[in-house]
Amino acid sequence: RAATAGAAAAVGRPAQHTHNQSYVPLRTNSESALTYANDEERKAAFNKLLEDINMPTTGTFEQFAQLAASDARFNALKKNGEKRNLFNGFRSKKLRAVKEEAKEFEKRKRVAFKNGLQDCRVKYDITSKSKIIRDSPLERNLMSQT
């Protein structure tokens, strides 16, 4: 694991952690210390636990259960099926958010590149009738996206 973290840092990417390293389980002295009025409060407590642990989108429910077993909020929901459903819902929302963020980042890069091309055209007085631009596959791709 240390070798992969070193390799990721050498490439310029941050090392990926399995979960929030600063997570400290919420412990109680007795089972009755945490009581919830209804199912909504139980689900909210469980979702807060999911946020606190911050499992990556590649994490499994079993990994989450192993980390969260000592937390009192993990037992807020009694049925394993409910816990698993909330975990999967949380993971899919997080995955959607990560994909949307990556998509937005790519869009910003593409817009910046197009603006750079426009600036280059103005700076060097290149028209769309110039042979360099007209025959460029990059230019055709950019023009077809417009």
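Val98 belongs to helix α4. The model described here is predicted.

## Overall fold

The protein contains six helices and zero strands, and its elements follow the pattern α-α-α-α-α-α along the sequence. Of its 146 residues, 20% count as buried. The protein exposes about 10,900 Å², and carbon and sulfur atoms supply 54% of that area. Among contacts between residues at least 6 apart in sequence, 62% join residues at least 24 apart.

## The nonpolar core

The largest nonpolar core comprises 14 residues, and those with the most contacts inside it are Phe46, Phe64 and Phe74. Two or more residues of this core come from each of α2 (39-53), α3 (61-68) and α4 (80-124). As a general background, nonpolar side chains in soluble globular proteins tend to be buried together.

Which residues does Phe74 touch, not counting those up to four places away in sequence? The partners of Phe74 are Phe46, Leu49, Phe64, Ala65, Ala68, Ala69 and Lys83. Phe46 and Phe64, two of these partners, are named with Phe74 as the residues with the most contacts inside the core.

## Packing of α2 against α3

Two packed helices are described by the angle between their axes and the distance between the axes. The axes of α2 and α3 come within 11 Å and cross at roughly 95°. This angle makes α2 roughly perpendicular to α3, because it falls in the range of 65 to 115 degrees. The residues of the contact divide into seven nonpolar, no polar and no charged. On the α2 side, Phe46, Leu49, Leu50 and Ile53 take part, and they meet Phe64, Leu67 and Ala68 in α3.

Ile53 and Ala68 are 15 residues apart in sequence, and their C-alpha atoms are 7.8 Å apart in space.

Asn54 is placed in the loop between α2 and α3. The phi of Asn54 is near 55°, a positive value in a residue other than glycine. Most residues other than glycine have a negative phi. With a relative accessible area of 37%, Asn54 is partly exposed.

## Pairs separated in sequence

Gly89 also has its place in helix α4, and at 27% relative accessibility Gly89 counts as partly exposed. The C-alpha atoms of Gly89 and Asn47 are 9.9 Å apart, and the two residues are 42 residues apart in sequence.

| Pair | Separation in sequence | C-alpha to C-alpha distance |
|---|---|---|
| Gly89 and Asn47 | 42 residues | 9.9 Å |
| Ile53 and Ala68 | 15 residues | 7.8 Å |

The Ile53 and Ala68 pair joins residues that are listed in the contact of α2 with α3.

Methods: Residues are numbered from 1 along each chain as its sequence is written. This is a predicted model: local features need pLDDT of at least 70, side-chain atom pairs count only at pLDDT 80 or more; totals for chains, interfaces and linings use all residues. Side-chain values use heavy atoms; hydrogens and water are left out. A nonpolar core is a set of buried Ala, Val, Leu, Ile, Met, Phe, Trp, Tyr and Cys residues joined through side-chain atoms within 4.5 Å. Buried means under 20% relative accessible area, exposed over 50%, partly exposed in between (1.4 Å probe, protein chains only). Helices (H or I, at least four residues) and strands (E, at least two) are DSSP runs, numbered from the N terminus. Contact means heavy atoms within 4.5 Å. Accessible areas come from the Shrake-Rupley method with a 1.4 Å probe; for residues, only the protein chains shown count as cover. Axes are lines fitted to C-alpha atoms, for helices over the stretch in contact, and angles run from 0 to 180 degrees between N-to-C directions. Angles under 35 degrees count as roughly parallel, over 145 as roughly antiparallel, 65 to 115 as roughly perpendicular and the rest as oblique. Ala, Val, Leu, Ile, Met, Phe, Trp, Tyr, Cys and Pro count as nonpolar, Asp, Glu, Lys and Arg as charged, and the others, Gly among them, as polar.
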